Amino acid sequence: MRKALLLAGSCIAIALFLTVTITTQPLAAPQDAAQQWGPNDRSRPEPPIITPGTASTQDRPGRPPSDATVLFNGKDLSNWESVKDGGPAKWTVGKGYFATVPGSGYIRTKDAYGDCQLHVEYATPNPPHGTDQDRGNSGVFLQGLYEIQVLDSYNNVTYADGEAAAVYGQYPPLVNAARPPGEWQTYDIVFHGPRFDASGKLTRKATVTVFYNGVLVQDNVEIMGPTAHHQRPPYEATPEKLPLQLQDHNHPVKYRNLWIRELKEGE
Ligand code: MG
């Protein structure tokens, strides 16, 4: 009887130990998960099949990849709202594009996004007007917090971390790949948002990669926190998904062909 009790007790102890051990193991990192497959393993799942997009020309926007979420349908701003009051976005819509209305305020997507691939096209006013930061200024605010600067940086000197394609106030672009004002320019952005633990402590900084007109200008840089003017505010715990914002900086900058592909953990 005593032996049986001891045996039962041991079994419970082992079961408890295993339960605690298994449930406290961190989730496998993506590279660990990848290592479960041997080289050239034919039982490894194939990637999903999609139809790739087409490139834009100055006259015509390209077609997004088939698995992208289109953020602007070329006709209206139904996917966007005003940041000021949550009402309809008050920017103008032209033939296949929309544009900032100076003084109307920032706009944001109605949906929230986390880690993503984002494609944006914009054109700054032609003829150009103003100098330095006061020339074709707008901005792509990832999660509404981290600005990839939009500016007319063609023959226009400003501080380095405020040029077009800068992570504003943090990282200048690696090169100035600006096209002249009035021409359509592209940003292809890969963004991984920050992570926080249950107590709100930062466990991973956000990172961003940016191709500006097809040229690598931000190479997986670690964003230091929300971008700001003459400030470096610290991270504060935020949800994994937040709306994308576009900046009204009092200049009529045009946008077209915006699309986003959400990335899963490990992509
Ligand atoms: Mg800006």
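Student: Looking at E8, how many of its residues are buried?
Tutor: Five of the five residues of E8 are buried, so in this predicted model the strand is mostly covered.

Student: Which residues sit on which side of E8?
Tutor: Tyr146, Ile148 and Val150 are on one side, with Glu147 and Gln149 on the other, and all of them are buried. Both faces of E8 are therefore covered, given that a residue counts as buried with 20 or more other C-beta atoms within 10 Å. In a regular strand the side chains alternate between the two faces of the sheet.

Student: What does E8 pair with, and in which sense?
Tutor: E8 pairs with E7 through five bridges, in the antiparallel sense. Val140, for one, has Ile148 in E8 as its bridge partner.

Student: And how many residues lie between the strands of that hairpin?
Tutor: Three residues lie between E7 and E8, and Gln143 takes a positive phi in that hairpin. The value is near 55°, and Gln143 is a residue other than glycine. Most residues other than glycine have a negative phi.

Student: Is Gln143 buried or exposed?
Tutor: Gln143 is buried, because 23 other C-beta atoms lie within 10 Å.

Student: Where else is there a positive phi in a residue that is not a glycine?
Tutor: Asn213 has one, of about 50°. Asn213 is in the loop between strand E12 (207-212) and strand E13 (215-222). With 16 C-beta neighbours inside 10 Å, Asn213 is classed as partly exposed.

Student: Back to the sheet. What is the strand order?
Tutor: The order is E2-E5-E14-E7-E8, an open sheet of five strands with antiparallel pairing. Strand E2 (80-82) and strand E8 (146-150) are at the edges; each has a single partner strand, so one side of each has no neighbour in the sheet.

Student: How many bridges join E7 to E14?
Tutor: Two bridges join strand E7 (residues 138-142) to strand E14 (residues 245-246), and these strands run antiparallel. Phe141 is opposite Gln245 in E14.

Student: What about E6, and why is it described as largely enclosed?
Tutor: Strand E6 (residues 116-123) has six of its eight residues buried, so the rest of the structure largely encloses it. Seven bridges link E6 to strand E9 (residues 185-192), running antiparallel, and Val120 is opposite Tyr187 in E9. Seven bridges also link E6 to strand E15 (residues 254-262), again antiparallel. There, Glu121 stands opposite Arg256 in E15.

Student: Which peptide bond is cis?
Tutor: The bond from Asn126 to Pro127 is cis, with omega near 5°. Pro127 lies in the loop between E6 and E7.

Student: Switching to Gly96, which residues is it in contact with?
Tutor: Apart from neighbours within four places in sequence, Gly96 is in contact with Pro61, Gly74 and Arg256. Gly96 and Arg256 are 160 residues apart in sequence, yet 6.6 Å apart C-alpha to C-alpha. Gly96 is in the loop between strand E3 (92-94) and strand E4 (97-99), and with 14 C-beta neighbours inside 10 Å it counts as partly exposed.

Student: And the chain as a whole: how many helices and strands?
Tutor: Two helices and 15 strands. Of the 267 residues, 30% are buried. Among contacts between residues at least 6 apart in sequence, 60% join residues at least 24 apart.

Student: Where does pLDDT stay under 50?
Tutor: Over residues 1-28, for which the model has one contact beyond four places in sequence. The chain averages a pLDDT of 91, and 87% of the residues score at least 70.

How values were computed. Residues numbered from 1 in each chain as written. Predicted model: local features only at pLDDT ≥ 70, side-chain atom pairs only at ≥ 80, totals over all residues. Pairing = 2+ DSSP bridges. Helix = DSSP H or I, 4+ residues; strand = E, 2+ residues; numbered from the N terminus. Buried ≥ 20, exposed ≤ 12 C-beta atoms within 10 Å, placed from the backbone. Contact = placed C-beta atoms within 7 Å. pLDDT = per-residue confidence, 0-100.
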